[in-house]
Amino acid sequence: MTLRQPANGNLFGAGDRLGAEEVAVYRWLATHRQFDPSRMAQDLGLDEAALTRTVDSLVQLGLLQRDAEDDHVMRAVDPHLAAAVATAPLERLIREQQNSLRAFRDQLAQLSSHYEEGLRGTPAALQTIPALSEVRVALDRAAQLCREEMLTVQPGGTRAPEVLEDALARDSEVLARGVRIRTLYHHTARFNGPSQAYVAMASALGAEYRTAHQLFGRMIVFDRELAFLPDHTGTWGAVVIREPSVVHFLCDLFEQAWTEAQPFSDAAADGLEAVAKDLDRTILRLLATGRKDEAIARRLGMSLRTTRKHIADIMQTLGAESRFQAGFAVAERGLLDGDGDEGDPDAPENGPARRPAPPDPV
């Protein structure tokens, strides 16, 4: 570390460290208790210029002290004393910045009462949060204030490991307060290792998880009073809803989906054939309504590539070269007749059984 005297008077910055030469020279002088440049240079493998530069740095930092009567005589100083002197300016600067930060936060906090008063005066009780960073802060605050229940819908088959780590830390604290947490995922999440690990850990703490092939969109509701929905512009912002009737409607949607969903489990444990057959029937129903590939992918929480592969496999199984032919084959065989009757997966009229590939993680 090359020490210098900056304009603010600090001897060093927060990122500075002692180099190997400084440590070696200090150790030599602390051990031998005498200043012998020739011997030091020989023992430490330093040339005269490097030794002089290193000694000057340690003197400036206060770790070495020259004799008042003879500059060639010096002694090592207690590092704790040197640290107290050298870091004093930086610690003082940090305290001043912390005080400024607290004062700024206190000043903004005083405005919260005016903001909340304005929210109460808004008939629709609707708020838009444009930035993802602000959304995360708002969600953390809502979780801290949550008293009884948290309902979550998380479409898609995968979530980033770092996102799951943050969610587990937040959910653990919420569950420790006795709050009930229920979350809906797409079935494709059961193929994702990080999601499986997260669900296992959170379930052990009391959280509940179920999966479904189709979900109505991303949503988080706190205490049936406060709902977060994604901003439709795709900017990762959020819309916050407090209007009781709207929040009640969203909770009813969740309860209906929760009732029809299945407990979260490893897809392999459920039998890949059964999972694939259920998925195929869902895709057939969506194709029958005229949905495009992109819309089907969003509804199922799969990548577009994986969705198209499933559709191609289904058409091959049906012996169809076009979607019109596929629709005719489905109607002729009655594959969608009887919502709860799926028939024998190995029966000839249903085509040959196929083993599913795990969903693409994209």
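User: How do the residues of the lining of the second largest pocket divide by type?

Analyst: There are 15 nonpolar, four polar and nine charged residues in the lining of the second largest pocket. Nonpolar means Ala, Val, Leu, Ile, Met, Phe, Trp, Tyr, Cys or Pro, charged means Asp, Glu, Lys or Arg, and the others, Gly among them, are polar. This is a predicted model, in which local features need pLDDT of at least 70 and side-chain atom pairs pLDDT 80 or more, while totals for chains, interfaces and linings use all residues. Residues are numbered from 1 along each chain as its sequence is written, and side-chain values use heavy atoms, without hydrogens and water.

User: Which element gives the largest share of that lining?

Analyst: Helix α6 does, with eight residues; helices are DSSP runs of H or I with at least four residues, strands are E runs with at least two, and both are numbered from the N terminus.

User: Why is Gln154 called buried?

Analyst: Buried means under 20% relative accessible area, exposed over 50% and partly exposed in between (1.4 Å probe, protein chains only). Gln154 has 9%, so it is buried. Gln154 belongs to strand β4 (residues 149-154).

User: What is the reach of α13 from its first C-alpha to its last, against the span expected?

Analyst: The expected span is 1.5 Å times one less than the number of residues. For α13 (residues 304-318), with 15 residues, the reach is 21 Å, close to the 21 Å expected. Buried residues in α13 include His310, Ile314 and Leu318. Gly319, with a positive phi near 70°, follows α13.
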